[in-house]
Structures are given as structure tokens and as C-alpha cells.
Amino acid sequence: MTSAAHMSPPDGDVADGDWLAEVERVAAMIRRRGFELAEKHDGGYLIQACSSAEILATLYVRLMRLGPPPANRTPRPFAGTPGPGRATQWGGEFNGPDVAGADRFILSPAHYSTAVYAALIETGRLSSDALDDYNSDGTTLEMIGAEHSPGIEVTGGSLGQALSVGVGRALWRSRCGDDGLIWVFVSDGETQEGQTWEALQSAAAFGLGNLRILIDQNGWQVDGPMATVMPVGSITEKARAFGCAAFEVDGHDPLAIVAAATSGPEDAPNVVVCRTDPRRGFPAISGRTDAMTHFIRFRPGEADEMRASSPLYSGALTQ
Amino acid sequence: MDYARRNPRVVCVTNDLTKSVEADLFRETFPDRYFSLGMAEQNLVGVLSGLAREGLEPFYPSFSVFVTRRPYEQIALNIAYPNLPVRLIGFLPGLTTPGGVTHQATDDLSLMTTLPNMTVLSLADATDVETFTDSLPAIDGPVFCRMPRGEVPRFFDEPFRLGHARVLSEGADICVLSTGAAAPHAARACETLSAGGVAVAHLVISTLKPFDDLRVTEAIADSPATITVENHLTRGGLGTAVAELMAEAGIRTTLRRVGIRDTFTHGGRPPYLFAHYGIDAIAVIRAANGLLGTSMTLEDEVVAQHSGPHEDAAEGL
């Protein structure tokens, strides 16, 4: 059984038949912007942009029902952290106003912020030159974003915590009958944290069908492949055992992501495990076997080699 | 309960200790505003954050160790950082439980006062408990409230006011500042000192952060010596707050901190523990004797010795 409201296409500028091409364009640009930022700043979270590009593009273009972005799409300068009389958590504004009926987006692994900034730019929510200030002193477009960073609603830089915040929001919305969905993006490394399973346990216990969780299973963590650092087994089977509706899809297939994220019973949290390739778009990274791809720093000539071998720069937008 | 009745945005979240923290009445009265999250405190704190982001004022009552120590990073990043109006209520403060090191919150004030945006309360008497909620609407941000439970003495008729110490006695010979469950012990010691001719200023501190009450500064400055008394480690609690205040205000008088020294604690009944760890009235008298050169004693000293098992010792864990 599927909620009709959740199945219908979200509000947005993209006509029904064109959304797939738009997702592919946005995904390609997330990768390109991720690469160019890493090149400019002599390092960056590139493989995260590569693995998550279709997931984020599908969320912003197709799945999420977000309200309009702020009139001024230029990020404000850093104005301090939140405190009494200082409500500076405005990063979420770029995901639309926080009102009843509007979906909310929670990014848990905040080192994916770069990819989110790119997604916001490509979907017209953030000014196109916003990344000029990326990771410079005094900017809110931090490398690992906080609640003042565009698109970032929860400070998720310490992993495994933000899903619980999503549970809290979905819990109250569910009790109030609010049909806005809570979308949480989670990375697979976070499933090593016990809190992830505490969160899924509670989400299932409360029957939170309004909670949608997309997990980027790119298989990598800081020390190297998850399978060698600390294997977690099947996230999908675990999520099902915890009472979630769980699906496993090709994370570069927007149709499969949409189908899975809009399936399942109305009274169970929906988990979509997206199998992804952290080298997608830049096959030259495959020469790397060391652990340093988590935050990539290019060796001499490597960036040029990657650009030359990338279909992103040869006219074909997707690999 | 009255506060929740007046404030429909109040919700209560518990971690399997609903009855132990006297939240069962809330559960029965407001079933739609009550959530049990089970024994999963890290997730629970994240849920508090989510509920607050939905515009609610969530209360999380539990044993203080499970409120503060276990989900510390979650509180820091999901509650304190975004400055959300979450009310963390910590029961079984310090050595008021026979539960041993796992249940004795001897560092909760230290952990919570360190967090930016966090208001920290340490309630001492029944009036505090009955009236502190009236201060909550004015607090823009999260609150940690250390809460006594069961039979709580009543010192004051004057209701709790945020940031206001309450004066039990005035005097120029020595200044005693106490907080929480240590306040009755300090009061008993002060009575003995007064009977012995010592003029004692005794202020009970129920707001640990902010810590900027000018009457406290004046009481310390007007006295040749100050004693702090707390049911907490001497480091990071009231003693530290007073030491910092004295140093920054340039008050050059002597300070003695009565509290748990740099040690973990073990299980036992509160009278035994308070005596064993030196945070009872005798300890205050000893500190005063050292400062004043007197040799006073309490008539009915509780000797720190093991006593037989008591049924009440196993209550509520």
C-alpha cells in the first residue's frame, strides 16, 4: 500500500516527462563541481559527490516537496553560532520555508555538504557563484556544514546522530497528521554507529511512514573499504529486521530510487539502500587503492588525468 | 503538571524510567504528549531535538547519569548547539542513590555548565521544585535541572527565581554557599556555628549557570573566608564557579570547597555516603574550624560506617 499523496510528483519547475533528464544533468554537475572544488582547494570530498550525485539530484529534482527558496539566494556571511537571541540556523531556508506540509531534508554526513551546495545551485536554490567562497574564512559554506550552511538543517558532522533528529520530527508530524515527509540522507559508514539502529528501532516502533531514509552505500570510510575496516553485513536485511520497509537499488538509477522511495507500507519507515560507485564519473580514481580517497588530494598531474578520462568533460554528461 | 497544563507545547520523553522519575502521572494525563523511547539515550536526545524543531518544548526526565553523561555529545550538538528549548531533568543527583558509580551523577553539573547556551539549575528544596517551571518561558535555550526526589525539605517560601541566590542567614565571620542536596547539611552546620557565636552568611545557590548574582559576589567579598558545599565533585561544580568568580572579581579571601574530591564513588545509603566522602555537616564544620581556628563539633555526628541492608536502599533503580 502506498500513500497517494506521497506518490504524486512533487511541486517544482520540472515537467513530468523531463525530470529524468534533469536529474541526470544535475547529477553530472554535482560531480563536476565536486571535482573542480577539490582541484581548486587542493583536496576535497570528491568521492562523496561522485557516489551521491543521483541520490541528491533525485531528491531535489523529483522526490522532495520543498517550498520556494529564499528571495536572496546569496548565502549570508557567518554571523555566529546559535545562542540566546541569535537564531542563526537559517541553512534550511534554502530547502524552502519550514512550514506544515512541506518536506524537510536532513543531511546526516555533513562532509557531503559540497554535494548539497552543488545540488542547491543546480536546482536554482542557491546563487551560482556561491561556491566561490567555499571553505574560506568567515563563510558559511563550510567544508563540513553546520546549521548556517545552505541546505544544512542539522549539524550532522559527528556521524550517526542526525537520523534521530529526523525521527523526532517525523514522530510529531505523524502525530499531528502533517503530510510533510522527513527525508534523511545517511552514509553507509554511519551504520557502524549503534545510534543508527536505535533510531531505526524507534522509527519502526512508532510506525513512521513519513520518514524516508536514503543510504549512500559507497563502501568506503576514512581508513579504506568498509569491508576491511569493519564490515556491517547487509544494511537492507538489518533494516528489515528492525521493522523498516527496506529496498536495495542501484544508486545511480533515478527511476529505481524513486520507485523504492515511494514504495512500502504507510506505517513503516522507508529505507532505500543505494549501492553506489565512489569513482562514478572519474574512472581514473580507480588507480587509487589507498585510503586517502575519502578526502582526496591529487598527486602531480592526477587532476589533469582525471579530467581527460572523465566522460563529464567529453560531452557525455553521464557515464 | 500545572506547567504542562498551561503550555500545550510541552511533551515528555522517557527512557524506561517513567515511574521512577514520577512521570507516570504525565503519561496518564497527557497520553498524546508522552513518548517512551526505551533504553536508547543517544537516539532519545536526537528525538528531543527533532521534537523541539517541530516547535515543542520537550522534557526529558531521567536519572541524571542517563541525562548527561551517556548522551553527552548528542546533547552538545543536537540540543545545546542549536539552542533548542529542551528541558533535561536529572534525578538522583550525586550521592543520593545507593546505586553506585553507574547511578551516581557526580559530574553532571560539570558536564552541563561547560556547554554553551545551557542554563544549569541545581534545586535544593520543595519550593524550588514547585516553582522553577515559572522561570522556563523566559529562558531562550536548553535547561539542565538537577532535581531532588522523594521527601525534599522546604527552606524557602520565596519562589525560585533564575539567577537569584536565597539567603538563609547573614553574618560577617564566614560565608557558606551551598546547593542541592548538600544545602540541608550546610544549614545544619551553620546552625551549630551560629550557636557557637560565629556570624555565618549562608546562601543557597539554585542557579549554577548563569552565575552572576551580585549578592553572591558581595557575600564572598564581605567575608574573610568562604566555604562551598555541594553533592558533586569539587571540580566543575559550585566550588569551581565560586573560585572563578573570586579570581575574576579579585576577591582575595580564602576558599574551602566541601564536595567529592577527585574520586569515583561507590554504593551505599546517602547518610553513609555523605559522611564517607566528606560532604555532610561534619565536613562543613571541619572546614570552618580550619578557617576560623575553632574546634566545634556536632552533637549527633553520623559516623561513616557500614550499616545493615535497608529496604529503602533498593528503591527506584
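**View 1. Two buried tyrosines of chain A.** A:Y117 and A:Y134 are both buried in this predicted model. Across all chains, the whole structure holds 15 aromatic pairs. One of these pairs is formed by A:Y117 and A:Y134, with an edge-to-face arrangement, 6.4 Å centre to centre and 70° between the planes. A:Y117 belongs to helix α4 (residues 113-122) of chain A and A:Y134 to the loop between α4 and α5 (162-176), so the pair ties together parts that are 17 residues apart in sequence.

View 2. A single aromatic cluster is made up of A:F35, A:F282, A:F298 and A:Y313. Over the ring of A:Y313 sits the charged end of A:R307, 5.1 Å from the ring centre.

**View 3. Arginine over tryptophan.** The ring of A:W183 has the charged end of A:R212 sitting over it, at 5.9 Å from the ring centre.

**View 4. The interface of chain A with chain B.** On each side the contact involves 30 residues, 30 of chain A and 30 of chain B. About 2400 Å² is buried between the two chains, 53% of it on carbon and sulfur atoms. A:Q161, A:W172 and A:E198 account for 25% of the area that chain A buries against chain B, more than any other three residues.

**View 5. Polar links between chains A and B.** Three salt bridges are counted between the two chains. One of them joins the side chains of A:R173 and B:E54 at 3.0 Å, N to O. Polar contacts between chain A and chain B number 16 residue pairs. Helices α5 and α6 (194-205) of chain A each supply at least two residues of the side that touches chain B. The largest share of that side, nine residues, comes from α5(A).

Notes
Residues numbered from 1 in each chain as written. Chains lettered and ligands numbered in written order. Predicted model: local features only at pLDDT ≥ 70, side-chain atom pairs only at ≥ 80, totals over all residues. Heavy atoms only, no water. Phe/Tyr/Trp six-rings, centres within 6.5 Å; stacked < 30°, edge-to-face > 60°. Helix = DSSP H or I, 4+ residues; strand = E, 2+ residues; numbered from the N terminus. Buried < 20%, exposed > 50% of the residue type's maximum accessible area, 1.4 Å probe, protein only. Lys NZ or Arg CZ within 6 Å of the ring centre and 35° of its normal. Contact = heavy atoms within 4.5 Å. Buried area = accessible area lost by both parts, 1.4 Å probe. Salt bridge = Lys/Arg side-chain N within 4 Å of Asp/Glu carboxyl O. Polar contact = N/O pair within 3.5 Å; in protein donor to acceptor, adjacent residues only side chain to side chain.
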